[in-house]
Structure formats: C-alpha cells, structure tokens
Amino acid sequence: EAEGGGAARAAESGRVLCTAWCRAEPVLAVSAAEDGVRVFNEEGDALEDCVLRRSSCDALAMDWRVRSKVLACGWDDGAVTLWNTKDKSLKEDGSVHSSRATLVKWSPEGGRLLSADSGGTVAIWRTDYRGRLAVAAKRDVGSGEEVVCCAWMLTPDYREAQRELPTPPQHVFVGTRLGTVALLDLKGELVASGRCPGALRTMSWFEEEQRLVVIGEDGSLLQFRFVSGSDELEVLSKVKLSMTSSASRDGVQKAIWTSPGLLATCAREPMVRFWDIPNDQSYFVTCDNVDGIIRVGTKRVDKDDGSGEGKVRGSVGQEAVTDISFNPRTRVLAASTTGGQIYLWRFVGKSATVLAGSKANASEES
C-alpha cells in the first residue's frame, strides 16, 4: 500500500530535471532548471545551507553514495562533481566528457562511480581517501549514440563477497538511445551485447531473478539474461506495457524498483504506474487530491491548521510526472511534475502488490 504524503514546490526558476534520495538520511536532492541543486527533507522543507550551483549549468543526473552524504552530479557541460553536503566540499572533473553528462550511478557499495554522456562515452571512476575522482576505465559504447541508462549486475557471488570485504560488482549494463545494450566489466571491456527494438529509455537489474529488465520508448518491456561464456544477451520475454496514448507517444521516462519484482514507472502522465512483473499485474497512484504540505514560494501550508481556511489539497490536474525516486530505507516515493511540484508517498503495510494512492485512489489495470 502507498499513502499520500504531500507536495513541495521545488523549483522557483524552472522545471525539475532530476531527483535523488540520500541513502544515509531521509533527504531528497532536487535539480531544477536555472536553479541549481537543492536538498529537501521529507516534510518538503528546503535545507537552506544545502544549495549547489555552477555558473550557467544544470545538473542532469544525480546519485548519492551509499552510507554517506556525498552526491554525484553530472552536468550539461560534461562535468562530474562530488558534493559532500556534510562539510560542503566539492570535487570536480571536466576532463572526461566533452558533451552533456546523461548518467551518474554509484555501485551499491560505493566503490565505483559510472558516468556517461550524450556522445556515447562511458567512464568508470574510483575515489581516493580524499574523495578525489580518478578514471579507472573509459569506453565509447554508442558510436556517437547518447547513453541513457545503466544498471549494475548484482550476482550471488557479489553478495557473498560483501560479507568479507566491500567490493564493486564485476559488471555493469549500459544502454544507448537507439537500443544498444552492452555489458561491460570494470576495465571497460565489452563482455556481451544485445538490442532493444526501437529507442531505449530505461533499464533495471532484477536481482532476484538475475535478469535485466529493459523498457523501450514504445512501451516494450524486455527481459535479458546473460549466460557466462556467451557474447550475446539472451532475450527471455517481451511484452507491451499498457499506457495512455499520450504516454505512449512520449515513452517511459524512468523506471525504478520499489520492492522485489515491483517496478515503478513514469511516462509524462498525471500518475505513477506500478508493474508487478512476477504476477503480470499493474496499478497506479495519481497526484490528485493529495492531502499534505504544499510549498508555494517560501510559504508552508499544512493540513487543516485551525486558521479557518480549511484543509488544503494539492491537485495538479493534468500535470505530468517527469521523474521518480524511491528511498528503500524509509519507503518513500517522490514524483516530480511538469509544474515543479514534488509529491511524496510512503509505502505502508507488508504487501508490495496491493497499492493505494491518496484517498485509496488506486486502480488495477488489465
């Protein structure tokens, strides 16, 4: 189940570009056009001492390092930065990517950072004890194609190794805009590859089933499997996701796991969809009539505060959800919209396949 948590006005100057939950504490980083990167708590309040700006640049991708307050950002001028929000230190490297950065993604234990750009270049970084970046591998995987998504391959051997000493996964998947799926090792060498028919939008590693879930721009969902010794990824299944005509036209923007087998997606619709892959079911929650906190400018309005103004509701009408981020630690899902709002839901209960939105406004689709 999911209960509506509220909304926050995140961007005063422009649209929300991307969001990322911190793994060390319940704060959300939000990048907005021409407004830099700001950090919000779960109540929707901006932390005034946590603002990152670079002259005439926007952060297009962000990811927090595990068990720390270090935020990796990829910028539209190609720079990659590490921002420590605890001591406010900033490390920057602009020597690797000559076009806009499209991805930054930490490995689960925080030992490696993957970055990619619109020109097809993928870099795998390591950091030293001072937090400085150093390139461990670099490869052109797209032949000029934009790299749009990645997923670290987490195997049983990787999980077993974590019991002894935290080490990074040995392989990572990357995908390009035109449908190339590549499996790389930590040296940047190509291990195996596959193709997604049509444009590729997002990918996620289904660890419990040891499969790669890939979603295309047309709503196709494919599952790939890597067989050791083969240089080709095996296609296990292909289905078409059910979406509105407008969503099908724009395509799925992002997909993230909210629990084993349950994938949340946004596709520029006024809702977030959930796909229960093992049980072949789907659900959605909408942003309409979410009771909670609304931030308009710098004014905070809470639920019925006794002022005589009554209960405040945050209805976005047909505002489209453009980005989602999930915090597995607190089980809070954040969804940003075209109007600059950030809506929050907290998952409650034990079942991951029965979802309820604000005012129990969730539906199952065939």
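## The E19–E20 hairpin

Strands E19 and E20 form a hairpin with 3 residues between them. In this hairpin Gly219 takes a positive phi near 90 degrees. Strands here are DSSP runs of at least two residues, labelled E, and helices are runs of at least four, labelled H or I; both are numbered from the N terminus. This is a predicted model: local features need pLDDT of at least 70, side-chain atom pairs count only at pLDDT 80 or more, and totals for chains, interfaces and linings use all residues. Residues are numbered from 1 along each chain as its sequence is written, and side-chain values use heavy atoms, with hydrogens and water left out.

E19 covers residues 211-216. E20 covers residues 220-225 and runs antiparallel to E19, joined by 4 bridges. Two strands count as paired if DSSP finds at least two bridges between them. Leu212 has Phe224 in E20 as its bridge partner.

## E18 on E19

E19 also pairs with E18 (residues 200-206), in the antiparallel sense, over 6 bridges. Phe206 stands opposite Arg211 in E19. These two strands form a hairpin too, with 4 residues between them. Gln210 sits in that turn and has a positive phi of about 55 degrees.

How many residues of E19 are buried? The count is 5 of 6, so the strand is mostly covered. Buried means under 20% relative accessible area, exposed over 50%, and partly exposed in between (1.4 Å probe, protein chains only).

## The E2–E5 sheet

An open sheet holds 4 strands in the order E2-E3-E4-E5, with antiparallel pairing. E2 (16-21) and E5 (46-52) are the edge strands; each has a single partner strand, so one side of each lacks a neighbour in the sheet. From one strand to the next, the twist averages 25 degrees. Axes are lines fitted to C-alpha atoms, for helices over the stretch in contact, and angles run from 0 to 180 degrees between N-to-C directions.

E3 (residues 27-32) and E4 (residues 36-41) run antiparallel, joined by 6 bridges. Ala32 stands opposite Gly36 in E4.

## Two loop residues

Gly94 lies in the loop between E9 (90-93) and E10 (101-106). Gly94 is exposed, at 53% relative accessible area. Trp75 is 19 residues away in sequence and 9.4 Å away from Gly94, C-alpha to C-alpha.

Pro169 lies in the loop between helix H1 (156-162) and strand E15 (171-176). Pro169 is buried, at 0% relative accessibility. Leaving aside neighbours within four places in sequence, its contacts (heavy atoms within 4.5 Å) include Ser107, Trp152, Tyr158 and Leu186. Leu154 is another contact of Pro169, 15 residues apart in sequence and 6.2 Å apart in space, C-alpha to C-alpha.
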